[in-house]
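Have the model open and follow along.

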Amino acid sequence: MKNASIKIRMTIVLGVMFCFVMGIKSQQNDYLVAAYIWPSCHDDPLAHKKLWPEGIGEWEVIKKGNPRFDGHYQPRQPLWGYEMDNDPKVVEKWIDAAVDHGVNVFVYDWYWYEEGPYLESALNDGFLKAPNNEKMQFYVMWANHDVKYNYWNYHLHGANESILWNAKVDWKNFKIIVERIIRQYFKRPNYLKIDGKPVFSIFSIGKLLESFGNDVAETRKALDYFRDEVKKAGFPGLHIQWNQGGGSLMSDEAAKKFKDNVAAMGFNSVAMYNMGGINEDYVVYGANSIKIRRQLDELLDVPVFPCVSIGWDDTPRFPAKGIKDVVHFNNTPTAFATLLSKAKKYADSHPEQPKIITINAWNEWVEGSYLLPDMLNGFGYLEAVKSVFIDKKYDKY
């Protein structure tokens, strides 16, 4: 469905050259393997006031995880301990481990609540102050979703499901966001760009639409404003990515609406935060995700970037969840590696687009989906990435 683009292929070459210059062994990995970062594990002022008063961010909740069934791995135990994600020394170690194992892009979740940034210190003080940060590229995903009081700490807020933070923004705040993102991030030499255009991902298109009166034309106007401001800053344009979250197979009606909205608002690509199709059995979960990817690929005329998730277990956030809500069968580094190999094959079959594969996630401890080493699997999941993208184990036969 995609038209070949010489410019995009040139972008891949330039990206590989950048990685080589910055110390990444590009001859080993010519893919952009991008892991999402959930920046919750530090003492954010707004979070301290309303969610995590102990001063250790969401570690406060993660450490209280409890087994819900026989053999349930809770609480999760990080190999390196409960480190702060806004500590540049910690992130320096992350970057070295990531690059050594084939992960060369971090995608930072980025928030805007109460007319200001939230959890921004992980990127600003952790990643950008890490002395080796230019070994990696990075980009931002605007995680513009609502938050209920008890979603991120039910221990504190109990059954209170009212809205703590509404992610809807007005024009005034949208313009502040645009200026801040361009100034703080886009001008960085290691900010990910496609065709010279900075990549900006948006998590909730529904909330974006709501921000502009549920009017597609007005929302397009806002995105075009962003594009224009990026051009004024000296870039050739902006690559805006629709992040589909997780998802499932769409009905014909939903698929048509989705396709029409992608085109009408001028999105340049579609990615996913987790691979979609969740099931207790990781193998089934993966098979479902491939069907979802195939539907998106057949539907759209813009690049679809494959996503592979490590697992799913968000029971620390929800007291009522149990075995049916957790991916617990066949959830192994080896099974993860085989799905990565499928995603890599998909990327190889689309030479007209950048070879971007996203991974959920680098550090989603509270959702049971993380590459960082822990006490159960050690470096198993990072070694899985290395086996596919550096050692090319799955290409040998």
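Start at Asp146, which counts as partly exposed, with a relative accessibility of 30%. This is a predicted model, so keep that in mind as we go. Asp146 forms a salt bridge with Lys207, and the closest N and O atoms are 2.9 Å apart. Asp146 sits in the loop between strands E4 (137-142) and E5 (147-148), while Lys207 belongs to helix H8 (residues 205-211), so the bridge ties together parts that are 61 residues apart in sequence. Is Lys207 buried or exposed? Lys207 is buried, at a relative accessible area of 7%.

Now step along to Lys148, whose partner is Glu161; here the closest N and O atoms of the salt bridge are 4.0 Å apart. Lys148 is in strand E5 and Glu161 in the loop between helix H6 (154-157) and strand E6 (163-165), so this pair links parts 13 residues apart in sequence. Lys148 itself is partly exposed, with a relative accessible area of 37%.

Lys344 counts as buried at 4% relative accessibility, whereas Asp348 is partly exposed at 33%. Follow the shared partners and you get one salt-bridge network made of Lys344, Asp348, Lys355 and Asp395. In total, the structure holds 23 salt bridges.

Which of its residues are buried? Ala255, Phe258, Asn261 and Val262 are. They cover an arc of only 130° around the axis, which puts them on the same side of H10. Turn to the other side and you'll find Asp252, Glu253, Lys256, Lys257 and Ala263 exposed. The buried residues pack against helices H9 (216-232) and H11 (282-299), plus strands E9 (239-243) and E10 (269-271). After H10 comes Gly266, with a positive phi near 75°.

Finally, zoom out. The chain has 13 helices and twelve strands. A compact globule of 397 residues would have a radius of gyration near 21 Å, and the chain has 20 Å, which agrees. Of those 397 residues, 58% count as buried. Among contacts between residues at least 6 apart in sequence, 76% join residues at least 24 apart.

Technical notes: Residues numbered from 1 in each chain as written. Predicted model: local features only at pLDDT ≥ 70, side-chain atom pairs only at ≥ 80, totals over all residues. Heavy atoms only, no water. Buried < 20%, exposed > 50% of the residue type's maximum accessible area, 1.4 Å probe, protein only. Helix = DSSP H or I, 4+ residues; strand = E, 2+ residues; numbered from the N terminus. Arc of directions from axis to C-beta. Contact = heavy atoms within 4.5 Å. Rg over C-alpha atoms; globule rule 2.2 N^0.38 Å. Salt bridge = Lys/Arg side-chain N within 4 Å of Asp/Glu carboxyl O.
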